[in-house]
Amino acid sequence: MQSILSASFFVSASGLMSMIAGFFCSIVIARLLGAEGTGLTALASWVAITGAIVAGRGIPAIILRYISRKKETPEDQTGLVTQLYRKYIRLVLIVCFSFLLYGLYDYFTIDINNAFVWAIAGLICLAYAQGHFVVAADHGLGHFHRTAQKTAIGCALQIPTTIAGAFFLGPAGAMLGYLARYVPQAVGLRDYRSKSGTADVEITDQMVRYGQSNWISVLLDTLVKTRVELLFIGYFFTVVEVGYFAAGVTFSSLILQLSLYLAAGLTPSFGKFFDDGATEQLKVSYDRSIRWLTLLLLPVSLGGAVIMPELIPLAYGSDFLPAIPVAYTLVLFSLPPALSSVPLSAMLAFEKDRKILYINGLAAFILITLNLIFTPMFGGLAAALIRGATGLATFLWLIYHCHTRLGLNINLNSLARTLVSGLACALCAYLVLAELGGLSGVLLAIPVAAVVYLIALRITKSIPGEELEIVGTALNTYTPTRFRALVKPVIAVLGATPRN
């Protein structure tokens with residue numbers, strides 16, 4: 001568990017920086033560009049990232065899962081990276097060039113501003129694709145600190161670039177902020193490529209099949225979990241309605257992103273357990289991962305939903321009041337898809353890539369079908385409810401499959417206790433907001449609800465004592481000295497004394 005915790009620490013730190021920077025930039029874009037500009041930049045950035053995933057064909061997944069098998073033979077490691085990168089980058093460049101062509105088309109048919117938006121989207125596609133490949137190699141070999149460092153640089157560049165770009169250049173300038181975010185992650189491939197020639201490394205049929213299945217699954221997963229609704233809302237309504245939905249989905253996306261960051265080390269860690277035959281250790285880590293991810297994200301989901309009616313107008317302005325029902329619904333239902341990262345990582349460790357492909361394909365089909373039926377009639381709220389129901393059903397199926405087919409069980413009693421604590425947290429936030437409201441209510445509700453949640457966790461004994469000791473020791477080891485004074489009271493309230 002220590003290795004998973006250390007991985008989660010570095011990746012979560014970088015994830016928090018990324019989320020804070022992304023959230024701040026979304027507010028800047030909304031304030032400077034309004035709902036229409038927000039909708040255009042959200043749609044263009046989503047299409048750019050989806051294009052990078054399409055062009056990737058699952059090759060980063062192969063690197064992430066199998067590069068650790070070459071850890072003892074550096075020449076095979078560099079050979080694997082070099083061979084796969086050559087296949088990877090060709091289609092990436094073609095897709096990026098297609099964005100530039102579309103921008104040229106917009107230049108003659110619409111205006112130069114739209115043209116620049118899609119031209120920059122092509123550059124974002126390239127930077128994201130390159131960075132995704134490098135991050136896969138970093139994570140596969142346990143170099144999580146590299147990702148954290150490069151993410152910090154990207155976030156530091158994103159904020160001023162977005163502010164200046166949106167102010168002077170509009171949506172196209174705001175897109176430059178996204179580009180600045182991904183460029184630093186694209187640096188570092190040279191560390192994994194041979195300087196004196198490339199060894200021929202066998203890429204087995206299983207590796208290819210794994211990559212292809214994972215590619216299609218991730219692509220479908222991207223459609224299910226991110227912003228495919230923007231296409232339906234944009235087609236049946238207006239770009240302003242797209243802006244409302246994009247504002248609402250920003251908050252639920254923060255929770256999903258945090259889940260991905262916290263669980264980033266699970267796929268390589270579970271995979272190593274499986275390769276080494278450490279089945280019992282994998283089972284224990286699976287249960288603990290579900291429990292701790294629930295513990296961290298449940299108050300964010302329930303408490304976040306409670307404060308949405310106050311937070312949306314505070315963050316985006318009164319023009320975005322129609323986004324409140326969408327934001328409330330998406331945040332409330334964000335926990336199940338966020339927790340899905342754990343069973344998905346376990347299934348990937350067992351190389352059940354085909355099964356993941358099946359469930360993601362089915363979920364995507366249901367999502368698209370329901371959106372075609374209900375979104376034209378009821379708009380963004382219907383799309384939000386459909387996403388929530390689809391995410392919940394998918395999570396329940398994944399848990400059931402891991403239980404019945406892989407023998408991976410979860411402690412339902414502990415999860416029920418955590419749920420009670422989460423409800424106490426949300427109730428506390430609701431009462432504070434009902435009494436005060438506005439900015440002062442939000443600022444008071446968050447810390448008070450957090451303290452109530454910690455106390456409730458201790459009263460309900462949601463966390464086994466031995467796990468608290470492990471976490472306390474890990475935090476004492478990996479937390480910088482100047483921040484330990486902030487961490488120790490939290491562990492103390494929960495009832496643990498870290499071992500030195």
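Buried means under 20% relative accessible area, exposed over 50%, and partly exposed in between, with a 1.4 Å probe and protein chains only. The model is predicted, so local features need pLDDT of at least 70 and side-chain atom pairs count only at pLDDT 80 or more, while totals for chains, interfaces and linings use all residues. Residues are numbered from 1 along each chain as its sequence is written, and side-chain values use heavy atoms, with hydrogens and water left out.

Lys461 sits in the loop between helix 18 (438–460) and helix 19 (465–478). Helices (H or I, at least four residues) are DSSP runs, numbered from the N terminus. The phi of Lys461 is near 55°, a positive value in a residue other than glycine.

Arg57 is not a glycine either, yet has a positive phi of about 55°. Its relative accessibility is 29%, so Arg57 counts as partly exposed.

**Helix 11 and its salt bridges**

Now select helix 11, residues 279–316. A salt bridge is a side-chain nitrogen of Lys or Arg within 4 Å of a carboxyl oxygen of Asp or Glu. The count under this rule is two.

Lys283 is partly exposed at 29%, whereas Glu280 is exposed at 54%.

Then show Asp287 and Arg291, which form a salt bridge with closest N and O atoms 3.2 Å apart. Both lie in helix 11, four residues apart. Asp287 is buried at 16% relative accessibility, and Arg291 is buried at 4%. An α-helix has 3.6 residues a turn, so residues three or four places apart point the same way.

**The nonpolar cores**

Select Ile63, Tyr286, Ile312 and Tyr316: of the 112 residues in the largest nonpolar core, these touch the most other members. Helix 11 gives the largest share of this core, 16 residues. Apart from it lies another core, of 11 residues, including Ala42, Val242, Val326 and Leu330. A nonpolar core is a set of buried Ala, Val, Leu, Ile, Met, Phe, Trp, Tyr and Cys residues joined through side-chain atoms within 4.5 Å.

Centre on Tyr316. Not counting residues up to four places away in sequence, Tyr316 touches Phe23, Ser26, Ile27, Ala30, Arg31, Ala247, Thr250 and Phe251; contact means heavy atoms within 4.5 Å.

**The second largest pocket**

Move to Leu339, Phe395, Leu396, Leu412 and Leu415, which are the closest to the centre of the second largest pocket among the 22 residues that line it. Helix 11, helix 13 (335–339), helix 16 (380–405) and helix 17 (412–435) each supply at least two residues of the lining. The lining holds 17 nonpolar, five polar and no charged residues.

**Helix 14**

Finish at helix 14 (residues 341–349), which is mostly covered, with nine of its nine residues buried. Pro343, Met347 and Leu348 are among them. Glu351 follows helix 14 and has a positive phi, near 60°.

How values were computed. On a 1 Å grid over the protein atoms alone, a cavity is a set of points where a 1.4 Å probe fits but cannot get out, and a pocket is an open set with protein on both sides within 12 Å along at least five of seven lines; lining residues have an atom within 4 Å of a point. Ala, Val, Leu, Ile, Met, Phe, Trp, Tyr, Cys and Pro count as nonpolar, Asp, Glu, Lys and Arg as charged, and the others, Gly among them, as polar.
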